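Thank you for asking for a second pair of eyes on this entry. Please look over the sequence and the coordinates before reading on.

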Amino acid sequence: SDLGDHESSICGKFQEVLIEYRNSRPMKETLEHQVGLLSQQVAEHERISSSASDRAVDLESQLGSKDEQIAALEKEIVAVDTYKDSLKREAESHKDFVVRLCETLQLGHVTASIGLEMNSETILTRAELLVKQ
């Protein structure tokens with residue numbers, strides 16, 4: 001009888017384990033499905049992250065290129081400003097020369113009296129006249 005009770009107890013335990021297993025199968029399938037979905041989401045996030053990293057590298061490269069372009073343009077601006085200043089100094093020097101030449105050729109009073117502007121043609125004509133005299 002003890003053996004029968006023992007067998008009965010084992011069968012009862014076996015029945016409980018079997019029922020528990022059958023009840024846990026749907027939960028296991030649900031968990032496996034959720035793991036699959038989460039794996040897909042992780043893969044998608046990794047793809048997006050990789051794409052964002054690639055884009056960031058591209059943008060940093062473009063930024064470096066733009067910085068180089070800006071530096072080159074700034075150098076060009078400095079060169080143009082220097083050249084412009086040089087041209088201003090040259091123009092001022094030529095103006096001073098023309099004023100002195102007009103004074104030497106005594107054009108000031110002639111141009112003022114007849115209202116002519118002291119231009120290069122007037123100065124050359126006056127210089128030719130003086131040379132011929």
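The points below go from the overall picture to single residues.

1. The average pLDDT is 84, with 89% of the residues scoring at least 70. Among the elements, helix 1 has the highest mean value, 90, whereas helix 2 (residues 108-114) has the lowest, 55. Where pLDDT is low, the predicted coordinates should not be read in detail.

2. The secondary structure consists of three helices and zero strands, which gives the pattern α-α-α when read along the sequence.

3. Helix 1 covers residues 2-104, a run of 103 residues, and spans 147 Å between its first and last C-alpha, close to the 153 Å expected at 1.5 Å a residue. Within helix 1 there is a kink of about 30 degrees at serine 24, shortly before proline 26. Just after helix 1, glutamine 106 adopts a positive phi of about 55 degrees.

4. How much of the protein is buried? Of its 133 residues, 5% count as buried, and the protein exposes about 11800 Å², of which carbon and sulfur atoms supply 58%.

5. Cysteine 102, which is found in helix 1, deserves a separate look. Is cysteine 102 buried or exposed? Its relative accessibility is 2%, and because buried means under 20%, cysteine 102 counts as buried. Cysteine 102 also lies 9.4 Å from alanine 127, C-alpha to C-alpha, although the two are 25 residues apart in sequence.

Note on methods: Residues are numbered from 1 along each chain as its sequence is written. This is a predicted model: local features need pLDDT of at least 70, side-chain atom pairs count only at pLDDT 80 or more; totals for chains, interfaces and linings use all residues. Side-chain values use heavy atoms; hydrogens and water are left out. Helices (H or I, at least four residues) and strands (E, at least two) are DSSP runs, numbered from the N terminus. Buried means under 20% relative accessible area, exposed over 50%, partly exposed in between (1.4 Å probe, protein chains only). Accessible areas come from the Shrake-Rupley method with a 1.4 Å probe; for residues, only the protein chains shown count as cover. The expected span of a helix is 1.5 Å times one less than its number of residues. The bend at a residue is the angle between axes fitted to the seven residues ending there and the seven starting there. pLDDT is the predictor's confidence in each residue, from 0 to 100.
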